[in-house]
Structures are given as C-alpha cells and as structure tokens.
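Please look through the sequence and the three-dimensional view before reading on.

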Amino acid sequence: MASTQGDYRAVEGIEEAKLNDAPPPRRPLRALPFVLLALVPFGAHFFKGALSALQLLLPLSKGEYGLLHSMFALPNATIAPVLGGLLYDAPRLRKHALTLFAAVCLFGGALCAWGLSQEPESITLAAIYTGGVVLGLGQGGAVVSCRAAASRVGDDEAFAQGVLAAAANLAAFGAKSLSAPVALYFGDYRAALAMLLVVQAFSLLAAATVAPAPV
C-alpha cells in the first residue's frame, strides 16, 4: 500500500515538473510587423533588379554597367552588414536604424537615377557610381537590421525570415517584370527610374512606420 502511494506521488511529481517546465504560451501571430519589415529593403532590391531589365536603355556601355553593379556589391561584400549590425545593436540608435538605412538607400538611388537620366559625362558617371555605393551601403545595413528586428517580433522567427526572403524575391521579380514595360509605355527609361524612386519612398515610409524592437 505504501509502495502504491509512493508511486502516485512520484507520478504527481513528474506531472507537476512537466507543467513547471512547459514553455510559455505562444503569442498570436502578427503579420503586419513582418510585412513592414520586409518592405524596408524592398525598394533597394527593386532598384537593383530593375537596372538589369533597363540595361539596353541606359546610357552606359557594357563596361560602365558592369562597374555600376560592382559598386552596388562592394559595400555588401565588406562593411555594410557589419556596420548595420553595430548600429542596430546600439540601444540609442536601434529605434532609428531602419529609418536611417532606408533614407540612405533612397538618397543613393536618387543620386544614381539622376546620373542615369543625364548625358554620360565624368560628373554624371561619378554620381552614378557614388549613388551605387551609397545604395549598397544602405541596403546591406537594412537587410541585417530587418533580420535582427524580425527575430524580436513574436515567436514566429522562421516565418519572419520567410517573409523577408519572399519579399526580396518578389522585389527582384517585380522589378524585372515592370521596369522595361513602363519605360516602353512612356517612351522614356526615365519614367522607369522615377518609378524606382517611388518604390524606395514607400520603403522609407514603412521603415518610419514599423515599431522599433525592444531593447
């Protein structure tokens, strides 16, 4: 009899331990923060993807066009991701990090678009390449910051990363599908460049709207 009571107590102890060790209840899925975060680097992805569709219409030689893409990639391959992580980790800068990187992307895109809209000269080429570097710098920081912010929103980290990846793919697809038709419809590739800046402006708006992650 004593042995049976002891077994019951042991089972109760195990059940109580299981209850105490149970993970906390999941917070409800909130899609809006993930969508806003995905829109922050969307404009930069869209800008870079559109240029490949507009290559034949741009006033650049093949060598100049290749150099422009190198200017985009240079910050992403070096300092941009590290700088983005450092700024996002700084408590005083975290709430402004997304807006800052989106603004840098917009400034770089505007500078590059202005250069592309002019006749090819030394000063316009300098603006194009400088804009490419600035855009790449902002994009690298935005991507890292958005991934870090997504990991802090709710309990659906994998879902958040999936939304970010899907948005990047959608930006590349949309840019290549829409840019050339817009340029041909208006009879001027500058119309497509203006569209790219509008998309980047929406990315800046999304960055300013999304709530900062907790420190």
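In what order do the elements of the chain run from the N terminus on? They run α-α-α-α-α-α-α-α-α. The model described here is a predicted one. Its chain has nine helices and zero strands.

**Overall organisation**

The chain holds 215 residues, of which buried residues make up 40%.

| Helix pair | Angle between axes | Distance of axes | Handedness of crossing |
|---|---|---|---|
| H8 and H9 | about 135° | 7 Å apart | right-handed |
| H3 and H6 | roughly 25° | within 10 Å | left-handed |

Helix H8 spans residues 157–186 and helix H9 spans residues 189–209. With an angle of about 135° between them, H8 and H9 are therefore oblique to each other. On the H8 side, the residues that meet H9 are Leu178, Ser179, Val182, Ala183 and Phe186. Their counterparts in H9 are Tyr189, Ala191, Ala192, Met195 and Leu196. The residues of this contact divide into nine nonpolar, one polar and no charged.

The axes of H3 and H6 cross at roughly 25°, and these two helices are therefore roughly parallel to each other. Ala44, Phe47 and Leu51 in H3 meet Cys105, Gly109, Cys112, Ala113 and Leu116 in H6. By class, the contact of H3 with H6 comprises seven nonpolar residues, one polar residue and no charged residues.

**The nonpolar core**

In soluble globular proteins, nonpolar side chains tend to be buried together. In this model, the largest nonpolar core has 53 residues. Which of the residues in this core touch the most other members? They are Leu37, Phe46, Phe47, Leu51, Leu68, Leu116 and Ile128. At least two residues of the core come from each of helix H2 (31–39), helix H3 (42–53), helix H4 (62–77), helix H6 (91–116), helix H7 (122–150), H8 and H9.

Leu51 is one of the residues that touch the most other members of the core, and Leu51 also takes part in the contact of H3 with H6. When neighbours within four places in sequence are left aside, Leu51 is in contact with Leu58, Tyr65, Leu68, His69, Phe72 and Leu116.

**A buried and an exposed residue**

Leu135 lies in helix H7. Is Leu135 buried or exposed? Leu135 is buried, because its relative accessible area is 0%. Apart from neighbours within four places in sequence, the contacts of Leu135 are Ala44, Phe47, Lys48, Phe72, Cys105, Gly108, Gly109 and Gln200. The C-alpha atom of Leu135 is separated by 7.3 Å from that of Leu106, a residue 29 residues away along the chain.

Ala77 lies in helix H4. Ala77 counts as exposed because its relative accessibility of 65% is over the 50% cut-off. Where Ala77 and Gly140 are concerned, 63 residues separate them in sequence, while their C-alpha atoms are 8.7 Å apart in space.

Key:
Residues numbered from 1 in each chain as written. Predicted model: local features only at pLDDT ≥ 70, side-chain atom pairs only at ≥ 80, totals over all residues. Heavy atoms only, no water. Axes fitted to C-alpha atoms, helices over the stretch in contact; angles between N-to-C directions. Helix = DSSP H or I, 4+ residues; strand = E, 2+ residues; numbered from the N terminus. Parallel < 35°, antiparallel > 145°, perpendicular 65-115°, else oblique. Left-handed = near helix turned anticlockwise from the far one by under 90°. Contact = heavy atoms within 4.5 Å. Nonpolar A, V, L, I, M, F, W, Y, C, P; charged D, E, K, R; others polar. Core = buried A, V, L, I, M, F, W, Y, C linked by side-chain atoms within 4.5 Å. Buried < 20%, exposed > 50% of the residue type's maximum accessible area, 1.4 Å probe, protein only.
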